[in-house]
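Below is a short note to go with the coordinates. The points are numbered so that each can be checked on its own.

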Amino acid sequence: MTATIDSPRSGKISPQYRRTGGTKGNFEMLAWLFMRLSGVVLVVLIFGHLFVNLLVGEGIHAIDFGFVAGKWADPFWQIWDLTMLWLAMLHGTNGVRTIINDYAEKDSTRLWLKIVLYAATTVIIVLGTLVIFTFNPCPVVDGVPLPGGFCPA
Amino acid sequence: MSAELAEPASKIELPAGVGGGGEIPTFDVTLRVRRYNPELSEDATWDDFKVTMYGTDRVLDALHKVKWEIDGSVSFRRSCAHGVCGSDAMRINGRNRLACKTLLKDLDTTKPITVEPIKGLPVEKDLIVDMEPFFQSFREVMPFLINKGHEPTKERLQSAEDRERFDDTTKCILCAACTSSCPVFWTDGQYFGPAAIVNAHRFIFDSRDDAGDMRLEILNDKEGVWRCRTTFNCSEACPRGIQVTQAIAEVKQAILSRKI
């Protein structure tokens, strides 16, 4: 199998190298900046989270449903966990987005991987936020507290 | 060996084992060259050439010996052959280098020395690649002085400190060793690449130039500086020792400080 050689083509560039119109806006710059800033904040949030959950007091042995219920009764920990959830999810999603951009070779592959990625991110962020704000330590159905709940005596 | 000496032997008595051009040690090396000829086959193959070389020889000398004495169809680019023109960047033992600046004695001569075309650009024949996409990126950053003021009657003066600011990036010889060592460029070739950013840096930080903002805007593209993953492949590959990754970081900072 032999190839036909094109005529001299000075100045011609094969399509795979041609940049299709630069997108206006600073999205890539903001994404780059977000990665650095959220990274710094996440180090504080995550190590704070690990310290409070695993080391303080009885440490890891104290973790149970009641421990989580107690934490989320406090708006401070609600905000802490909410910030951690959003930053970690967006940080991770942006990281995977750049990996897809770097490694996917076909536009269709890139599109589908990103659709899956964004769908997963949306579901997890929405679900997580919902849980943090609507968490009820004492679920009551038809006037009867469900077993396992922590109801005020 | 002494028969190859161009000059007559010295009349001065030298103790045995000292001096003399004929004493440069010779050794055998195997050159494993990536061959590709689209007129014969779609596939690239490896060809081994065994040559006897001197301790002062470079990879380019070995390639010359192969082309001139063994197989004239071996194709590669070279112009000055002394590390100035940047024509003969190639992947030698898996690293991008200039064949004319790589001494054979610095490589492991017990194993075959692999010589491939630089990666990420379309191969035309053997070690020759199509440099047009590379130069297109270079052209897009406008690598020339743009000055809005009046044309001075004498030369444009600049302080030594202002000149020092961009000294490192003036050394680029456009050999494409950096761009073709960049994994981001390998995948789709859309990224501007280190060389274009280095040459933009050379003018962005030049106190005599007025178009820095335009160049920063061009490199703020989604295929611009933000695709750099700081893997430092480019800094390692540069035969002129330019701190390429640092130059890219400085351009990133310049864009950030201008926007925010």
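Among contacts in chain B between residues at least 6 apart in sequence, what percentage join residues at least 24 apart?

1. The share is 63%. This is a predicted model, and the points below should be read as such. For chain A, residues 24 or more positions apart account for 65% of the contacts with a separation of 6 or more.

2. Chain A has four helices and two strands. Read from the N terminus, its elements follow the order α-α-α-α-β-β. Of its 153 residues, 31% are buried. Its accessible surface is about 10,500 Å², and carbon and sulfur atoms hold 72% of that area.

3. Chain B contains eight helices and seven strands. Its 260 residues include 47% that count as buried. The C-alpha trace spans about 70 × 55 × 30 Å along the principal axes. The accessible surface amounts to about 13,100 Å², with 51% belonging to carbon and sulfur atoms.

4. Helix H1 of chain B covers residues 59-70. Its length can be checked: at 1.5 Å a residue, the 12 residues should span 16 Å, and the end C-alpha atoms are 15 Å apart, so the two values agree.

5. Several residues of H1(B) are buried, namely B:Val59, B:Leu60, B:Asp61, B:Ala62, B:Leu63, B:His64 and B:Val66. What do the buried residues of H1(B) pack against? Their partners are four strands of chain B: S1 (26-35), S2 (45-54), S3 and S5 (113-116).

6. Strand S3 (residues 89-92) of chain B also pairs with strand S4 (residues 95-98) of chain B, in the antiparallel sense and over four bridges. One of the residues involved is B:Met90, whose bridge partner in S4(B) is B:Arg97. The hairpin of S3(B) and S4(B) has two residues between the strands, and B:Asn93 there takes a positive phi near 50 degrees.

7. B:Asp126 sits in the loop between strand S6 (123-125) and strand S7 (128-129) of chain B. Is B:Asp126 buried or exposed? B:Asp126 has a relative accessible area of 2%, so this residue counts as buried, the cut-off being under 20%.

8. The surroundings of B:Asp126 include a polar contact between its side chain and the side chain of B:Arg35, at 3.1 Å. With neighbours within four places in sequence left aside, B:Asp126 is in contact with B:Arg34, B:Arg35, B:Tyr36, B:Ser73, B:Val74, B:Ser75 and B:Pro117.

Key
Residues numbered from 1 in each chain as written. Chains lettered and ligands numbered in written order. Predicted model: local features only at pLDDT ≥ 70, side-chain atom pairs only at ≥ 80, totals over all residues. Heavy atoms only, no water. Pairing = 2+ DSSP bridges. Expected span 1.5 Å × (residues − 1). Buried < 20%, exposed > 50% of the residue type's maximum accessible area, 1.4 Å probe, protein only. Contact = heavy atoms within 4.5 Å. Polar contact = N/O pair within 3.5 Å; in protein donor to acceptor, adjacent residues only side chain to side chain. Areas by Shrake-Rupley, 256 points an atom, 1.4 Å probe, with all protein chains shown as cover.
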